[in-house]
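The notes below are meant for a colleague who is opening this entry for the first time. Please read them with the sequence and the model side by side.

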Amino acid sequence: MADKAKTALSQIQGDAYFANKAKHDSEVPKTSDPELLARAKQATEYVNSAARGGTSEKNPFAGLSREQLANIIYDDSGTYTVNERRAASYEADRQEEEWRVKVTTQAMAEYNSTGKLTNFFKSVLDHFKELPAIEQAQYPKDYASDLESKIRLDFNYRTHQAEGKDEDPMSLIKALFTQTSSTMASTVTSAVWQTSDILLNQGASGSQSGGMQTISTLARQLAASASRAEERDRTLTRSELADKAKSILNQVVGDAYYANKARHDGEVPKTSDPELLARAKQATAFVNDAARGGSAIKNPFAGLSPEQLANVIYDESGTYTVNERHAAWRESYDQEEAWRVKVAQQAMDEYNRTGKLTNFFSEVLEHYKSLPAIEQAQYPKGYAADLQSKIDLDFNYRTHRAEGKDKAPLSLIETLFEQSPQQTDELRHKNDAPDSFATKHALRQESSGTG
C-alpha cells in the first residue's frame with residue numbers, strides 16, 4: 001500500500017507533476033456536468049494561485065474530512081483531475097499542520113506542568129489510528145508500537161524517572177532486529193528468537209568460515225561490482241535505493257525467484273571460462289541442496305565480507321547468475337544471523353550485570369553504520385537517530401532511571417513529526433500551504449521559559 005501511495009503522490013507533486021504542468025492545467029473532466037466542470041476549473045485556479053503565494057481562490061475541497069480527502073488524493077481512476085487531487089492534498093496538509101500546531105501547544109503545556117509528554121504521545125497515537133490506511137502505510141512500520149512504548153514508560157523528563165512500565169530487554173532487542181524491511185533480516189530474526197535459550201544461558205556460536213576461492217577471477221569481478229555499486233549509491237536517493245533493493249531481492253530470493261526457478265537453475269554464464277562455469281554450477285547445486293536443508297555443498301561465496309556479498313547480490317549487470325546472487329544472499333544471511341545471536345547474548349549479559357542495554361545499542365549502531373548503503377536504505381530512516389537517542393539516555397531498566405542525557409521534549413516532538421509523510425513537499429515553501437515551520441514556531445513559542 002505504501003508503494004501505491006508513493007505512485008499516486010508522484011502524479012500530483014514533484015518533478016512528474018511539473019513536467020506535465022501545462023497538460024494538468026488544461027485537463028477537463030470527461031463530463032458535461034457543469035458543476036464538475038466548474039469544480040475542476042476552480043481547482044486549477046486554486047493550485048496556481050497557491051503556488052504564487054496567493055489566497056484569493058477558494059479550495060473546492062476545503063472542509064472535507066481526512067478520509068474524504070485521501071479518497072480523492074489517491075484515486076487514480078480519472079474521476080478527479082490531477083489538479084483536483086492536488087488541491088485535495090493542499091487541504092489535507094493544511095488540516096495536518098493545524099492539528100500539529102494545536103497538539104504541540106498542548107504538549108508543551110503538559111511538559112511545563114508535569115515534566116512529561118505521555119498525553120502528547122497518546123494524542124499522536126490516536127491521530128495516527130484515525131488516518132486512512134493508505135496514509136498509515138507511509139509511516140515507519142513500528143510507529144504505533146514506538147508510541148505505545150513511550151506511553152507505557154510514562155517518562156518524566158525533569159526527574160529522569162520512568163513512572164510507568166518500561167519494556168523488558170528482550171522486547172527491545174527484538175524490536176530493533178525487526179525494523180529492517182529486507183527479506184534477509186526478517187528471516188534472520190525468526191532464527192535469532194528460536195535460539196533464545198542459548199542467548200540467555202550459553203552464548204552464541206561463531207560465524208561460519210570459508211576459504212576464498214578462485215580469488216584472482218572473483219577479485220576482478222568484485223572490483224567491477226564495487227565500482228558499479230559506488231555509482232549506483234552516488235546517483236540514487238535513500239528512498240530510491242530502498243525501492244531498488246526491494247525489487248532486486250524479489251528477483252533473487254522472493255516470489256519472482258521461485259516463479260522462474262527452472263530458468264535460474266538452467267542459467268549458464270556467458271563465458272567459456274571453466275572457472276566461472278564451475279562456480280555457477282556450484283552455486284546452483286548449493287542453493288538447491290540448502291533449500292532441502294542439506295549442507296553437503298559448499299557455498300562458493302563463503303567467507304566474503306558483507307560489502308562484497310552485497311555487491312554480488314545487488315549487481316544487475318549479468319556478471320553473476322541469479323543462483324550465484326542467491327548463494328551470496330544465503331552467505332549474507334548466515335553472517336547476519338551469527339552476528340545477531342552473538343550480540344543478543346552480549347546484550348543479555350550486559351543487562352544481567354548492569355540493568356542496561358547501552359553497549360548493545362552502541363554495537364547495533366556501529367553494525368548499521370558498517371552496512372553498505374543499499375542495505376542501510378532498507379531500515380527506517382530514523383533508525384540510527386533512535387539508537388543514538390537510546391545510547392544518550394543510558395537507561396537503567398532495573399532502577400527505571402536515565403543515567404545519561406535524555407532528549408529534550410522539543411526534540412522528541414520534532415522527531416515524531418519528521419517520521420510522518422508529507423503529501424506535497426514543495427508546498428512547504430508556499431505562503432498558503434502548511435509547512436513544518438509553523439509547528440517549529442509553535443514549539444519555540446511554547447518552550448520559552450522551559451529548562
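1. The chain holds 24 helices and four strands, where helices (H or I, at least four residues) and strands (E, at least two) are DSSP runs numbered from the N terminus. This is a predicted model, in which local features need pLDDT of at least 70 and side-chain atom pairs count only at pLDDT 80 or more, while totals for chains, interfaces and linings use all residues. Residues are numbered from 1 along each chain as its sequence is written, and side-chain values use heavy atoms, with hydrogens and water left out.

2. Of the 451 residues in the chain, 47% count as buried, a term that means under 20% relative accessible area, with exposed meaning over 50% and partly exposed lying in between (1.4 Å probe, protein chains only). The chain exposes about 21,800 Å², and 49% of that area is supplied by carbon and sulfur atoms; the areas come from the Shrake-Rupley method with a 1.4 Å probe, and for residues only the protein chains shown count as cover. Among contacts (heavy atoms within 4.5 Å) with a separation of 6 or more, 69% join residues 24 or more positions apart.

3. The largest nonpolar core has 45 residues, and those with the most contacts inside it are Leu117, Phe120, Phe155, Leu357, Phe360 and Phe395. Such a core is a set of buried Ala, Val, Leu, Ile, Met, Phe, Trp, Tyr and Cys residues joined through side-chain atoms within 4.5 Å. At least two of its residues come from each of helix H6 (82-114), helix H7 (118-130), helix H9 (143-153), helix H19 (322-354), H20, H22 and helix H23 (409-418), and H19 gives the largest share, six residues. Another core, of 28 residues, lies apart from it and includes Leu218, Ala290, Val312 and Ala327.

4. Which residues of H14 are buried? They are Leu241, Ala245, Ile248, Leu249 and Val252, and they lie on the same side of H14 because they cover an arc of only 100° around the axis, the arc being that of the directions from the helix axis to the C-beta atoms.

5. Asp394 sits in the loop between helix H22 (383-393) and strand S3 (395-396), and at 17% relative accessibility it counts as buried. Its side chain makes a polar contact with the side chain of Lys356, at 3.0 Å. Apart from neighbours within four places in sequence, the residues in contact with Asp394 are Lys356, Thr358, Arg401, Ala402, Glu403 and Gly404. A polar contact here is a pair of N or O atoms within 3.5 Å; within protein, one must be able to donate a hydrogen and the other to accept it, and residues adjacent in sequence count only if both atoms are side-chain atoms.

6. Pro372, in the loop between helix H20 (358-370) and helix H21 (373-376), is buried, with a relative accessible area of 12%. Not counting residues up to four places away in sequence, Pro372 touches Pro306, Glu307 and Ala310.

7. Most residues other than glycine have a negative phi. His160 lies in the loop between strand S1 (155-156) and strand S2 (161-162), and His400 in the loop between S3 and strand S4 (401-402).
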